[in-house]
Amino acid sequence: MATISSNDIVMATASIRGTQVASFTSTGFSSVSDVLRAVLCNIGTAIGMVDIDLRNSTQGWRERRSLFVPKTPGGMQLSLF
């Protein structure tokens, strides 16, 4: 399993149906879950299957994941915490 420490430089790119919807490079994450939360915050109102490419340039690993982001019912706010 891929590990992340707060000093690692992590790059993430998210795509939906081949269209890039988010991309960032950052540090300060303590887990892959933290990075995935940041990706979800960055994709805004996009819904559907999200392909995520994670790269930890400090430790030298790369990982691809897919997440399904459902449409939230009207009047409901999605909370990540």
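Q: Is glutamate 63 buried or exposed?
A: This is a predicted model, where local features need pLDDT of at least 70 and side-chain atom pairs count only at pLDDT 80 or more, while totals for chains, interfaces and linings use all residues. Residues are numbered from 1 along each chain as its sequence is written, and side-chain values use heavy atoms, with hydrogens and water left out. Buried means under 20% relative accessible area, exposed over 50% and partly exposed in between (1.4 Å probe, protein chains only). At 19%, glutamate 63 comes out as buried.

Q: Which residue forms a salt bridge with glutamate 63?
A: The rule wants a side-chain nitrogen of Lys or Arg within 4 Å of a carboxyl oxygen of Asp or Glu. Here the closest N and O atoms are 2.4 Å apart. The partner is partly exposed at 28% relative accessibility, and its name is arginine 65.

Q: How many residues apart are aspartate 53 and arginine 64?
A: Their side chains meet in a salt bridge, 3.7 Å from N to O. The pair links distant parts of the chain, with aspartate 53 in strand 3 and arginine 64 in strand 4. Helices (H or I, at least four residues) and strands (E, at least two) are DSSP runs, numbered from the N terminus. The separation is eleven residues.

Q: What arc do the buried residues of helix 1 cover?
A: In helix 1 (residues 32-42), the buried residues are Val32, Val35, Leu36, Ala38 and Val39. The arc is taken over the directions from the helix axis to the C-beta atoms. They sit on the same side of helix 1, because their arc is only 160 degrees.

Q: How are the rings of phenylalanine 24 and phenylalanine 29 arranged?
A: Both residues are in contact with valine 35, contact being heavy atoms within 4.5 Å. Phenylalanine 24 is buried at 15%, and phenylalanine 29 is buried at 11%. Rings of Phe, Tyr and Trp (its six-membered ring) pair with centres within 6.5 Å, and planes under 30 degrees apart are stacked, over 60 edge-to-face and the rest tilted. With centres 6.2 Å apart and planes at 45 degrees, this pair is tilted.

Q: Which residue of strand 3 stands opposite threonine 13?
A: Strand 1 pairs with strand 3 in the antiparallel sense over seven bridges, where pairing takes at least two DSSP bridges. Five of the seven residues in strand 1 are buried. The one facing threonine 13 is aspartate 53.

Q: Which residue takes a positive phi in the hairpin of strand 1 and strand 2?
A: These strands are antiparallel, with seven bridges, and isoleucine 16 has threonine 19 as its bridge partner. Two residues lie between the strands, and the one with a positive phi near 50 degrees is arginine 17.

How values were computed. Lists of a residue's contacts leave out its neighbours within four places in sequence.
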